[in-house]
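Dear colleague,

Please find below the structure that I am handing over to you, together with its sequence. A summary of the findings follows it.

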Amino acid sequence: MSEAAVALETSGLGKRYGRKWGLEDCSFRLPTGRIAALVGPNGAGKSTLLRMAAGITRPTAGEVRVFGHSPQEQTVEVLRQVGYLDQERPLYRSFRVEEMLRFGRKLNPTWDDSAARGYLAELDIPPGGKVGNLSVGQQAQVALTMCLAKRPALLLLDEPVAALDPVAREGLMHVLLRSVVDDNATVLLSSHAISDLATVCDYVIILSASHVHVADDLDYVLASHRLLVASSEEAPQLPPGVVVVSTTSSERQTNVLVRVEQPVVDPAWQVMEPTLEEIVIAYLRAPKSTTATAGPTRADRPGEGAR
Amino acid sequence: MIWATWRMHRSIFLASIGVSAAFAIWLTVTGLIDEHAWTIFTSHHCSLNYPGSSVLCSSAYAGRGLFSSINSALCNALPAVLGLVLGVPIVAGEIQQNTNRLAWSQTITRTRWVLTKIGVGALVTAGIMGALAPLMWWWTNVTERNDRILPLNFDISGFVDVAYALFAFMLGVALGAVIRRIGWAFAAGIPLFVAVRLGERDYIRPSLLSATSVSVSPLNPGHGTDWVLNTGFLPLGDSTPPPGQTWSSSSQAINSCLGYSPGAQKATHSITYCQKVLRLHYELQIQPASHFWALQAVESAIFLAVAGALLALTVLAVRRWRT
């Protein structure tokens, strides 16, 4: 079996701000054609990771590769293939919307002008309007359009659904799916809205306290985690072969989210399939020391083989 | 990218052109007023030695230099202000608004991005300054500033101002790229520009071209429109002070020979006598007026070279951007 092409790869990637690490020892491999969700609490290093992948920021340690090239080299070859949406949605506020598009057209040989115009027309954003006078949501849409119209092979979107209303979120997810299907693009997007992501994403990267906990196919992540519930004051012994991610207990009930390699059958526990949201929250709640190396990674799994 | 640069900085470009045009009108009007007063002064045979010989003469005398110092100051400040105003926002303006993150994720390398922006900005700077330079020349002409090689006039004549403006522009760009804040880049740029300009004027310019020495009578040390760098009594045959001595080393000996005593009305000996007895002559070290254009060229080259170094620094800072 030939191995899937890799769109984005990081190894030991780290970024230090002063004495504090914004991201540390981050290693994962994102295959092409995926829509990957980058989830984690504020300050987990999501934006830092995306900025380094876009070549805006330099890593302090390790390296990041986009289609095999380092984005730090700032070559046209890499720039052409990456569409980056910054968290701040920077736009030239004094430009009119159509001037913003002209900017994109002049600076990107792969620019799809009719797609950009169509997208904005659909959203009722007037092309003659000044960017600075648009609403926050409309500005976010213009910024997104700047990314999408470039038709990049890798879309790096920092909080793309923030500032969008539910209808616009739905629309964006649709557009992303279409670009993945039509252009075989790869998408890495960060978000807080985990429930929105679950419907469209097929890959998940969980980042917390500057570390990567999970980076894998959504299906695998869902299949390899179980929520064990015991309705007793004192938790019974855990079944063999499970790795605890986090435990929450109340007077009457103990919930343990575990990572499993094979089906769990234990009469002492009620075994449930957790949602992505529950898994994410479990990792975010888990003490750093126990989970820093607990996440399953693709390389850990038998049969996947080395690259 | 040329269009984009123009569009991004359009308001500051247009404002600079507007203010410069207003300055041009001001300089023309005040220059004509000065010229008119000067014409009256000469046509009525007024004398510079006795300007108060008639009411007409004294009012014309006062009028001919009415705007002299203010215009002189404005002409001196212009290259710095113009260059910094246009230069500082080139990189710092984008960083402050985070639009560099947008620009740097388009299909254009940072080097090309910054070089195009600098190219357009430098062209605007040089264009404005280049258009004003002939007008400043005209103004120095009508106010009878014939001794152009003197720093007072040299700095606002010829084409050296274009080089000053380009230096100020690159200083603004580089400081903006390093400091990343418009306000702080300005605050640092003004004293730096002044320090470089005055430092160059006082310590480098006098020795840029080899100076000439002329021996003159101390009673009538005429030097025409040349720039006098040093004066003093030197041993006969020397055109520069002997080793271990300065231009003023012999003035003590001259003074004691002259025999001035406190309260004395007259010297004991004549200066000619003292020079002969002490075997000294009075020497002027000058930069002749004929060196004007050569000096303009050399000094412009120096400022452009510094601007080039600042350009390299800027490209490096932009390429190695970390945060």
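The notes below treat a helix pair in chain B and then a sheet in chain A. Please bear in mind that this is a predicted model.

Helix pair in chain B

Helix α2 (residues 10–43) of chain B packs against helix α6 (residues 110–142) of chain B at an angle of about 5°, and their axes are 9 Å apart. Since angles under 35 degrees count as roughly parallel, α2(B) is therefore roughly parallel to α6(B). On the α2(B) side, the residues making the contact include B:Phe13, B:Ile17, B:Ala24, B:Leu27, B:Asp34, B:Glu35 and B:Trp38. Among those contributed by α6(B) are B:Val124, B:Ile128, B:Leu132, B:Trp138 and B:Trp139. Sorted by class, this contact of α2(B) with α6(B) comprises 12 nonpolar, 4 polar and 2 charged residues.

Sheet in chain A

Chain A contains an open sheet of 4 strands in the order β11-β12-β10-β13, with antiparallel pairing. Its edge strands are β11 (243–249) and β13 (270–272) of chain A, each of which pairs on one side only. On average, neighbouring strands of this sheet are turned by 25° against each other, direction ignored.

Within chain A, strand β10 (residues 225–230) and strand β12 (residues 254–259) pair in the antiparallel sense over 6 bridges. A:Val229 has A:Asn255 of β12(A) as its bridge partner.

Helix α9 (residues 276–285) of chain A lies across β10, β11 and β12 of chain A. The direction of α9 is at about 90° to β11(A).

With kind regards

Definitions and conventions: Residues are numbered from 1 along each chain as its sequence is written. Chains are lettered from A and ligands numbered from 1 in the order in which they are written. This is a predicted model: local features need pLDDT of at least 70, side-chain atom pairs count only at pLDDT 80 or more; totals for chains, interfaces and linings use all residues. Axes are lines fitted to C-alpha atoms, for helices over the stretch in contact, and angles run from 0 to 180 degrees between N-to-C directions. Helices (H or I, at least four residues) and strands (E, at least two) are DSSP runs, numbered from the N terminus. Angles under 35 degrees count as roughly parallel, over 145 as roughly antiparallel, 65 to 115 as roughly perpendicular and the rest as oblique. Two residues are in contact if their C-beta atoms, placed from the backbone, lie within 7 Å. Ala, Val, Leu, Ile, Met, Phe, Trp, Tyr, Cys and Pro count as nonpolar, Asp, Glu, Lys and Arg as charged, and the others, Gly among them, as polar. Two strands pair if DSSP finds at least two bridges between them.
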